[in-house]
Amino acid sequence: MSFLNNTPVPSYVDGAPFTGSATFNVLDPHDNSKVLHQVSSITEADVPKVVGAAAKAFKTWRNTSVSERRRIVLKAAALLQERLPEYAGVEYGETTSSQGWSGFDITLAIGALEEAGSVATTALRGEVATTDAGQKAYITRVPYGVVFGISPWNAPVVLSQRAVIQPIIAGNTAILKTSELSPKTQLTLAQVFHDAGLPAGVLNIIHVSTADSPAVTKAIIASDEVRKINFTGSTRVGSIVAKLAGEYLKPTVMELGGKAPAIVLADADLQNAATAIMFGGFFHSGQICMATQTALVHESIKDEFLKLINAHVPTLSASGDNSANAPLRGLFTNASASRVEAIVKDATSKGATVAAGKIGFKDNVVQPVLLENVNKDMRIYGEECFAPVFSLIPFKTEEEAIQIANDHEYGLAAAVFSRDIPTAIRVAEQIDSGAVHINGATVHDSANMPHGGMKKSGWGRFNGKEGIQEFTQLKVITVNDPHPYPI
């Protein structure tokens with residue numbers, strides 16, 4: 001059964017296309033006068049049907065073998081590989097993803113599904129404890145129940161799959177709330193898992209309008225059957241979701257914003273550092289939570305570093321015109337571009353200057369630019385841009401670089417560049433970040449490594465065996481020999 005091209009774009013509930021109680025339009029992000037497609041969306045009135053389908057499926061899915069779950073996940077990965085060109089076209093047409101990013105997003109998703117299948121048995125292995133005489137304790141990992149995932153538009157396939165497939169392979173059932181900016185792209189997961197034979201109700205994908213989102217989200221989190229929530233997105237919205245979850249005593253996994261620093265020590269391979277930092281700062285127009293936001297460069301090598309940057313940046317440009325073949329496209333909304341423009345104006349009004357690239361804003365299109373002469377009185381110093389805009393700040397000492405790298409509320413990703421690996425490791429250990437990459441870009445999210453943040457970048461981990469274990473609870477069952485009791 002093919003439903004991806006249904007009109008309107010349906011939700012997917014209980015193993016079938018689902019028509020909700022409302023609709024909304026998805027607009028062309030580069031031309032808001034053009035409607036791409038109409039989407040069937042759910043309202044608060046539809047929530048009991050969605051949650052009920054997931055809860056019913058959990059009763060049987062929790063008892064399936066890990067090998068059976070793995071078989072379905074690996075089959076879905078194979079189908080996604082077969083359909084990569086088609087689905088990359090869906091993402092490119094619906095979002096501001098470039099053609100390269102669209103294929104990259106789906107390729108990452110395929111690898112993540114394969115990794116989840118390969119590591120599931122190890123991740124879910126139990127233990128037997130025999131510490132006490134006359135007793136054996138079986139320590140097992142059991143699923144929570146229904147897991148509610150919320151994933152964004154900026155990497156809609158890979159971020160959506162981890163929100164639901166890591167819980168599902170752990171024995172949970174899942175509800176995914178898509179972004180109103182990429183519902184059709186995220187629905188591709190429903191199609192491949194339906195075709196891979198996933199039982200009805202195990203995966204449910206719902207679309208919700210911006211207006212209905214607060215009520216629907218609260219209703220799902222409040223449902224007794226929903227036992228855990230994961231959210232990937234902005235720190236502002238994450239705090240709202242976390243507050244709701246706390247109200248109903250539901251555990252969460254949060255992967256939120258970032259302000260990734262890249263420290264370039266005096267002995268660094270400058271060509272490698274410059275290339276990695278440009279990639280980290282400009283790839284996908286900077287719309288990645290791990291994007292390089294601050295290049296901290298030792299003052300003795302700053303001029304040479306900038307020469308390398310300026311030799312390459314003129315080849316980069318952004319355009320909303322597909323025929324222009326520009327390497328970068330626009331931001332996801334005009335409002336986002338306006339917010340970044342205000343950040344840049346604030347910086348330049350206080351003395352920041354252009355170190356590379358150029359300042360340019362038109363509708364949702366932001367030209368790549370690197371600013372210098374930045375100080376902590378400017379918004380750009382501590383605020384996430386989520387655009388191809390970042391700062392260069394020189395430093396004198398290692399201690400100063402570490403202090404600046406930690407001088408913000410985020411802690412998701414960072415990088416250190418040096419030929420002296422012991423020194424680089426020492427610096428990396430002092431950066432408050434979920435991951436630090438030595439001689440590599442801040443943008444790095446491997447399916448076999450735990451991924452998550454510190455501080456206001458969130459908590460909990462996706463990916464690897466830790467990502468599967470995140471959606472399990474430890475349960476102890478003891479077997480005791482008969483013995484006397486003191487009363």
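**Ground rules.** I number residues from 1 along each chain as its sequence is written, and because the model is predicted, local features need pLDDT of at least 70 and side-chain atom pairs count only at pLDDT 80 or more, while totals for chains, interfaces and linings use all residues. Side-chain values use heavy atoms, with hydrogens and water left out.

**Entry on the backbone.** I looked up the peptide bond from Thr7 to Pro8 and noted that it is cis, with omega near -5 degrees. Pro8 sits in the segment before strand S1 (11-13); here strands (E, at least two residues) and helices (H or I, at least four) are DSSP runs, numbered from the N terminus.

I then turned to Asn373, which is not a glycine and yet has a positive phi, near 60 degrees. I found Asn373 in the loop between strand S17 (369-372) and helix H12 (379-382). Phe386 also has a positive phi, of about 55 degrees, although it is not a glycine, and it lies in the loop between H12 and strand S18 (389-395).

Is Phe386 buried or exposed? I wrote down that Phe386 counts as buried because its relative accessibility is 16%, whereas Asn373 counts as partly exposed because its value is 47%. (Buried means under 20% relative accessible area, exposed over 50%, and partly exposed in between, with a 1.4 Å probe and protein chains only.)

**Entry on the largest pocket.** I noted a volume of about 1200 Å³ for the largest pocket. (On a 1 Å grid over the protein atoms alone, a pocket is an open set of points where a 1.4 Å probe fits, with protein on both sides within 12 Å along at least five of seven lines; lining residues have an atom within 4 Å of a point. Points are joined across faces, edges and corners, and a volume is the space filled by probe spheres set on them.)

The largest pocket is lined by 41 residues, and among those nearest its centre are Phe231, Gly233 and Arg236. Which helix gives the most to this lining? I found that H8 does, with six residues; H8 spans 235-247.

**Entry on the second largest pocket.** The second largest pocket has a volume of about 320 Å³. Of the 25 residues that line it, the closest to its centre are Phe104, Leu108, Val158, Met290 and Asp445. Helix H4 (99-123) and helix H5 (158-169) each supply at least two residues of this lining, and I noted that H4 gives the most, with six.
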